[in-house]
Amino acid sequence: MDMLISGAEMLMRFDVLLALLIGSVGGVIIGAIPGVGPAVAIAILLPATFAMPPLVGLTMLLGIYGSSMFGGSLPAILINTPGTAVNALTTYDGHPMTKKGEALRALGLAYGASFFGGILSIIALILLSPVLAKIAPMFGSREIFLAALLGIVLVIIAHRGQTFAAGMLAAFGIFLQTVGLEPVKYTMRFTFGMDWLNSGFDLIVVVLGLFALSQAFLLLIEPESAPHAQRIEGSMGRAMLGVLRHKRVASVAAGFGVLMGMIPGVGEFTAQFLSYTYAQKTSKDPDLFGKGSPEGLVASEAANNAVPAAAMIPLLALGIPGEALTAMMLSVFYVHNVIPGPQLFQSKLDFVYALYIAMILLNIIVVIFMLISSNWLLKIIRIPTRFLGLMILVLSFVGVYSLRNSTIDCAIAAGFGVLGLILKRQNLPVVPIVLGMVLGGIMETKLRSAMARVKVPIDFFDRPIAAILGLAIICLIIGHFVGLYRERQNREPDSDHDMHDTFQR
């Protein structure tokens, strides 16, 4: 309780509250603009947060991360264009409700479900924090290495249908991390005598290239568009209270969001899929799903907004990011010499509580903002895409150059921007590269530290948590290959039947 009060006091500083307000409102605006998204905004802001105190920088980034999905539901419902990628499922039922003349009800349910899911997940995490504080010290070098490896495996397996590509891109990210001065014996790796490679590839430069610059290039080369949406009339507050009619669906969806958020590499999409499936199977009107079902809309929005708080758990407890946005936040911790991991819950539990309280406040700020500004945000949606691309391009290069005043960094970022554009045009995932860079560094450091105590391979798994993590990795890999084999077996009879029909004709 004392730590909770101390965390609240840390948060009550003017600069922290201002950063939270800017992040929360800015996140809604960014989420409402199709084609930008929180990853681009956080990538652009990262260099600026390095000059701020750690709590100030992190609350601003958390504000953007946690509030962008609120804003992303607005264009998803009104113009059938998700503001952020995770609002794609919102279009299934949100836009059909708009076409039925229920735009106000759809927006109210989306905002109410988002608030419900966000608050419920944060309360659950505050209650879980004492448990995490006891478990965290049990993680040594071996356990953290295996947890990072598990994160890599989960990220790869999560990209169903693209596992080979995701694995190759994650391996590429791990390779990028090895370039430059090696941290233990201080030898040069993969520099080929080129001085500009001595310091390796900076994570922020790569992130800005892959996310911000690639999106800018994409917006600049695509046909220009400026979508239009009708004004919203009526009481938004009353519409938001409509979510109370779907408490069961919202609660289960928030629960899925918490569970999926805590598992590295899984995130919003899996939580949404499970929640949406549950809502459809238990609904009295399952045929309405995809045609304007309020339950489907509530399930989608409650699940995706429960994930951000839960995604902070592996980041804070183990120093392992679950996806690209928490990977970016990890760099802010490192810059300020605040090292996430087992020691954080022991030495700085008040700091952890401050972050959780910040997430509660950001949900309250966002709901108040959405109540009074939905019609104003419709003007934001109408920004021409090429102008938006040009602004992102300029801000990205300013951010990269400000890191080390280096034109070489700008050239590297541009190169990764082109790579990101190619990957997006080919529908290949970008996230495995970033997580490969982050988790690869953790894995290398912890493996070298752990090997000093390992005489034979079985020693690596002689502690309970290490054994559980090792078993989980083996089971996941076996389960994935078994699933692939079954899919292939199911396809073969269908293909034989198709061939038989062809010959018959």
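Student: Does glutamine 343 count as buried or exposed, and at what relative accessibility?

Tutor: A residue is called exposed when its relative accessible area is over 50%, and buried when that area is under 20%. Glutamine 343 has a relative accessibility of 53%, so it counts as exposed. Please keep in mind throughout that this is a predicted model. Glutamine 343 belongs to helix 15.

Student: How should I read the confidence of the prediction, and which elements have the lowest and the highest mean pLDDT?

Tutor: Where pLDDT is low, the predicted coordinates should not be read in detail. In this protein chain the average pLDDT is 80, and 91% of the residues score at least 70. Among the elements, helix 15 has the lowest mean, 74, while helix 18 (residues 407–425) has the highest, 91.

Student: How may I check the length of a helix, and what span should helix 7 have?

Tutor: The expected span is 1.5 Å times one less than the number of residues. Helix 7 covers residues 141–158; its 18 residues should therefore span 26 Å, and the 25 Å between its end C-alpha atoms agrees with this. The check can be repeated on helix 8: with 16 residues, it reaches 23 Å from first C-alpha to last, close to the expected 22 Å.

Student: How many residues of helix 7 are buried?

Tutor: The count is 15 of 18, so helix 7 is largely enclosed by the rest of the structure. Isoleucine 144 lies in this helix. Its relative accessible area is 6%, which means that isoleucine 144 is buried. In sequence, isoleucine 144 and methionine 443 are 299 residues apart, yet their C-alpha atoms are 7.7 Å apart in space.

Student: Which residues of helix 8 are buried?

Tutor: They are Thr163, Ala166, Gly167, Leu169, Ala170, Gly173, Leu176 and Thr178. Following helix 8 is glycine 180, which has a positive phi near 110 degrees.

Student: Which residue other than glycine has a positive phi near 55 degrees?

Tutor: Phenylalanine 192 is such a residue. It is situated in the loop between strand 2 (188–189) and helix 9, and its relative accessibility of 67% makes it exposed. Asparagine 427 is not a glycine either, and its phi is positive at about 55 degrees. Asparagine 427 sits in the loop between helix 18 and helix 19; with a relative accessible area of 59%, asparagine 427 is exposed.

Student: Where is alanine 51 found?

Tutor: The loop between helix 3 (37–49) and helix 4 contains alanine 51. Its relative accessibility is 73%, so alanine 51 counts as exposed. Alanine 51 and glycine 31 are 20 residues apart in sequence, and their C-alpha atoms are 25 Å apart in space.

Student: Which residues of the largest nonpolar core touch the most other members?

Tutor: This core has 158 residues, and Phe201, Leu316, Met328, Leu355, Tyr356 and Ile392 touch the most other members. Helix 16 contributes the largest share of the core, 17 residues.

Student: How many cavities of 30 Å³ or more does the structure hold?

Tutor: There are two of them. The largest cavity has a volume of about 60 Å³. Its lining includes Gly66, Phe70, Asn305 and Met359. Helix 4 (54–78), helix 6 (103–135), helix 13 (294–318) and helix 16 (349–381) each supply at least two of the lining residues.

Student: What is the volume of the second largest pocket, and which helix gives the most to its lining?

Tutor: The volume of this pocket is about 920 Å³. Two or more lining residues come from each of helix 8 (163–178), helix 9 (203–221), helix 14 (324–335), helix 15 (342–347) and helix 19 (431–451). Helix 19 gives the most, with seven residues. The lining has 40 residues, and Gln177, Tyr334, Met437, Val438 and Gly441 lie nearest the centre of the pocket. The lining divides into 21 nonpolar, twelve polar and seven charged residues.

Note on methods: Residues are numbered from 1 along each chain as its sequence is written. This is a predicted model: local features need pLDDT of at least 70, side-chain atom pairs count only at pLDDT 80 or more; totals for chains, interfaces and linings use all residues. Side-chain values use heavy atoms; hydrogens and water are left out. On a 1 Å grid over the protein atoms alone, a cavity is a set of points where a 1.4 Å probe fits but cannot get out, and a pocket is an open set with protein on both sides within 12 Å along at least five of seven lines; lining residues have an atom within 4 Å of a point. Grid points are joined across faces, edges and corners, and a volume is the space filled by probe spheres set on the points. Helices (H or I, at least four residues) and strands (E, at least two) are DSSP runs, numbered from the N terminus. Ala, Val, Leu, Ile, Met, Phe, Trp, Tyr, Cys and Pro count as nonpolar, Asp, Glu, Lys and Arg as charged, and the others, Gly among them, as polar. Buried means under 20% relative accessible area, exposed over 50%, partly exposed in between (1.4 Å probe, protein chains only). A nonpolar core is a set of buried Ala, Val, Leu, Ile, Met, Phe, Trp, Tyr and Cys residues joined through side-chain atoms within 4.5 Å. pLDDT is the predictor's confidence in each residue, from 0 to 100.
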